[in-house]
Number of protein chains: 2
Amino acid sequence: MSKNSLLSVASKESIEEDASCLASERNGLKQLWCDSCDFARKALEMGRKDPRKAVYALKMGFALALVSLLIFWDMPIEDVSQYSIWAILTVIVMFEFSIGAMFIKGFNRGLGTFSAGILAFLFAGLSILAGPWDKIVIVISFFITGYCASYLRLYPTMAPYDYGFRVFVLTFCILMVAGNRNGGYVLAILTRLVLIALGACMCFVINICVYPIWSGDDLHCLVVNNFKELATSLEGCVNGYLESVNYERTSSRFMTQASSDQMYLGYKSVIESASKEQTLLGFALWEPPHGRYRKLHYPWKTYVKASNAVRHCAYTVMALHGCIMSEIQAPPEKRRVFYEELQEVSSEGARVLRELGSKIDKMEKLGGFKNILGQVHVAAEHLQKKIDHKSFLLVNSESWEVGSPRKDVEELDDPPQQHLGLKCLSETSIYAHKTQTQLPDEDFPPMQNLRRLVPWPSSFCLVESDGVLVREDEAKTYESASSLSLATFASLLIEFVARLQIVVDCFEELSEEAEFIDPDVVVLTKRGGIWTRLVRSLRFKK
Amino acid sequence: MSKNSLLSVASKESIEEDASCLASERNGLKQLWCDSCDFARKALEMGRKDPRKAVYALKMGFALALVSLLIFWDMPIEDVSQYSIWAILTVIVMFEFSIGAMFIKGFNRGLGTFSAGILAFLFAGLSILAGPWDKIVIVISFFITGYCASYLRLYPTMAPYDYGFRVFVLTFCILMVAGNRNGGYVLAILTRLVLIALGACMCFVINICVYPIWSGDDLHCLVVNNFKELATSLEGCVNGYLESVNYERTSSRFMTQASSDQMYLGYKSVIESASKEQTLLGFALWEPPHGRYRKLHYPWKTYVKASNAVRHCAYTVMALHGCIMSEIQAPPEKRRVFYEELQEVSSEGARVLRELGSKIDKMEKLGGFKNILGQVHVAAEHLQKKIDHKSFLLVNSESWEVGSPRKDVEELDDPPQQHLGLKCLSETSIYAHKTQTQLPDEDFPPMQNLRRLVPWPSSFCLVESDGVLVREDEAKTYESASSLSLATFASLLIEFVARLQIVVDCFEELSEEAEFIDPDVVVLTKRGGIWTRLVRSLRFKK
């Protein structure tokens, strides 16, 4: 019985296991179904956001269906149907999203196929000459081709032609195989070349004639977007610094927190767009004049140059964000002293970037805005003056080796806080003491009080009652490092303003080379209604 | 005659033109020949530098030659020879440089082929059912497949499977075409699948058995290299700053100058290695345990995490380099004041990085070096104290709103330089005046002299005799911005030291997870000669 009962228990368990298995399977299926629904929803969303993607897919499907008609060809030349796969293959590998990319792929494919054809001719001749040894010639030719192509493919400057090398080896092998099987190398090679050309033509016609998608457009938008992203990021960084945004300083969480910030994503996208820009530039240079870019040899390189200048600024914004993320933090109270000036510089700087971005977007010259940097320079000067006036907040002048300049002042008043030692500002509001001592400056207490009250980041806060012992000497060193970091932030912001000049220079170069319209001319003729458009288009066509 | 003479002149000209054409053609050919030689030399050099590339090419050639033997197969199944191209094609597209990359490509190819096979079966069945309408079914199936695959390919998370989608469409089309032509869908599909599997097997066997190239190795080396590059870059930046390296500030030349610097290339390679690391990580995760990385689920991700921490430091070095490139420069004389301290921090910081890099390279734990950061922290404290003592050099204390603390000192001595106005330091060496006034500090003249002598970057230098008029007020503002930039540099360097802690934490995490050996254990047994190796290998296998 005990055995039976054990068995029954076991079977019960197995039934329960089965049930739980079923349940988990059902759950798994449910999960799978949910995931699939989610995926489908997101895929639809993608099409709604960027309809060009749906259009591209439609074009691809259409091209493929059209080329597949070749399969049913059974008129004069029977071979067409047999080798139709070559045209289909060409469409599959050549039909790219943008027209520039398609041109490059086409060029790669063309070059690869052509040189493979020539090489195949040569080796075919050789194998025929070799007579009974033809098989050895063919195997050796495979080895040599494979070796050379794979070796050269790894050569650094050959990276863009990687695809061409693969096509080359592939085509060579196929031609050799086909030629060997039929014995008719010439016919095999020629039929294939004609069919590849046919597939390529179909790609060009459909991709260019039906709703063309240009890389140049994408590059234009990317550059404009960089200006706007950096402006947002700059404002975000300065605001974040003034509001003393704090990341939790626990190893990995620290980095993830920072990386979900809007200000981080802003300058990150600017910095990381470099490689995307290079890719788009490569495509755009292959594209014929089109749309708003009617000039032959349109200065796409200058677009990228302007974007590089923006990136040069973005590195400063990155350093600003580094101040927020840094281990050594200035106390919030000191930051607030420079509130207005920092805000002014940041909003003026962002305004300049946005202005330039929208000018590029509208393809307008600076026109009346010649001195676009005027206001931001004034703001930077205000900030610098404020720093000059308040720089006692940033340094520890008591340790000056030229003698203690504030000794006399200190001897005059003996504040009651002197014996408090270092104290955390978050606990003891500095403003509470404002009325107890005379204030030479309206918005900040005098230095000798401040120096004793200002904290090193909270972990170093010393409150005597806690009984924590840290050498005052060491604590002072940390304290002045903390204050100096505010100077760093301000100084980096001023550097940002200085670098804006390069951006403006690059913009002007671009506006000249790309023949942007002059907004003043349009303004002059705006009264005339139809006239405006005429002038615009004339300038465009020039 | 005049006509004749004209003609003769014309013919002469044309002959001359021809001659020059020939000469230029000859020059062109010569150039082409030189270029080709140069290319061949560089290609050979590449193989000598990294023999793995030559080995890879040899393996590829060997695999291709081996698989080409299938062409001559004429035993039991005739189809093998006819469809041998499928095995060849698989080798061409799957044979990648590293084993991880080959696994991924193989997975892509397998998945693409398999799902294409299933879909082709389905549509084949449908077209047979459709009877006379079979052609329409086939064309529609092409359209649907092309549309869906191209649309999903653009879905962001599908980017790594891009290759799989292409293989999918390609295989589907080929199967449909072949099946349609012969009417035997099942045989066509099965033969191809078997041949593809054969090609894939050959790739795996040759690539793994003959001199395997692992992405994990590359990742390991890349991370170690990042530590070393950043160390060099840090030293370069600090030295460059102290030696007041100056870039010519003329638009584009400025950027190219900076970009050829060793210090720039160092941190740039660290920052730009991010995407390469991600690629290698993707490959390495697919690789089985091998060589020195015997652990299952080797912590490759922690390697990348450590590298991310190094990159976090690299951003500070980038900001340091930004100080060298900045528009607002501190005068060289002031920089020299902090020479020793800056040097000390930079060399200690670089030492820590190099130490950690070589520890990773040797796969050793920190061991006795537990307090690896001790010395660099001391160095940073020295720097901070020096800043405290000399911070009067960094700020313009005359404008302090709390009252001019140095007024009393100034009233005591009326130096003869007071009426010189602002003067360029490069012309008037500050040390020339050293003996004329009393020096409270050994290595630097007193503040009130200094403030008048310190220059704004040369373009703003004011020498009264030149008759250039700039408001003294404005000049002062520029001047203090320039001094503050030195504070920025020092503060960024201290921030760099603070960030080193994260690197050390990540290193310790990595050394635990990857089970690095403990150097202390080895040291203990080093006396025993053979014993050492035994202990090492035991620890390795654990």
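In the predicted model, the side chains of Gln329(B) and Arg335(B) are joined by a polar contact of 2.6 Å. A polar contact is a pair of N or O atoms within 3.5 Å; within protein, one must be able to donate a hydrogen and the other to accept it, and residues adjacent in sequence count only if both atoms are side-chain atoms. The model is predicted, with local features requiring pLDDT of at least 70 and side-chain atom pairs pLDDT 80 or more, while totals for chains, interfaces and linings use all residues. Residues are numbered from 1 along each chain as its sequence is written, chains are lettered from A and ligands numbered from 1 in the order in which they are written, and side-chain values use heavy atoms, with hydrogens and water left out.

Gln329(B) is placed in the loop between helix 11 (300-325) and helix 12 (332-337) of chain B; helices are DSSP runs (H or I, at least four residues), numbered from the N terminus. With a relative accessible area of 10%, Gln329(B) is buried (buried means under 20% relative accessible area, exposed over 50%, partly exposed in between; 1.4 Å probe, protein chains only). The side chain of Gln329(B) also reaches the backbone oxygen of Cys323(B) at 3.4 Å. Arg335(B), in turn, lies over the face of Tyr241(B), at 4.1 Å from the ring centre. A charge sits over a ring if NZ of Lys or CZ of Arg is within 6 Å of the ring centre and within 35 degrees of the ring normal. In chain A, the charged end of Lys105(A) sits over the ring of Tyr163(A), 4.2 Å from the ring centre.

Rings of Phe, Tyr and Trp (its six-membered ring) pair if their centres lie within 6.5 Å; planes under 30 degrees apart count as stacked, over 60 as edge-to-face and the rest as tilted. By this rule there are 34 aromatic pairs over all chains. Among them is the tilted pair of Phe103(A) and Phe204(A), with 5.2 Å centre to centre and 40° between the planes. Phe103(A) lies in helix 5 (residues 99-130) and Phe204(A) in helix 8 (residues 185-209) of chain A, so the pair ties together parts that are 101 residues apart in sequence. Phe103(A) is partly exposed at 22% relative accessible area, and Phe204(A) is partly exposed at 25%. One aromatic cluster is formed by Tyr293(A), Tyr298(A), Trp300(A) and Tyr303(A).

The 28 residues of helix 9 (residues 215-242) of chain A should span 40 Å, which agrees with the 40 Å between its end C-alpha atoms; the expected span is 1.5 Å times one less than the number of residues.

Terms used
Helix = DSSP H or I, 4+ residues; strand = E, 2+ residues; numbered from the N terminus.
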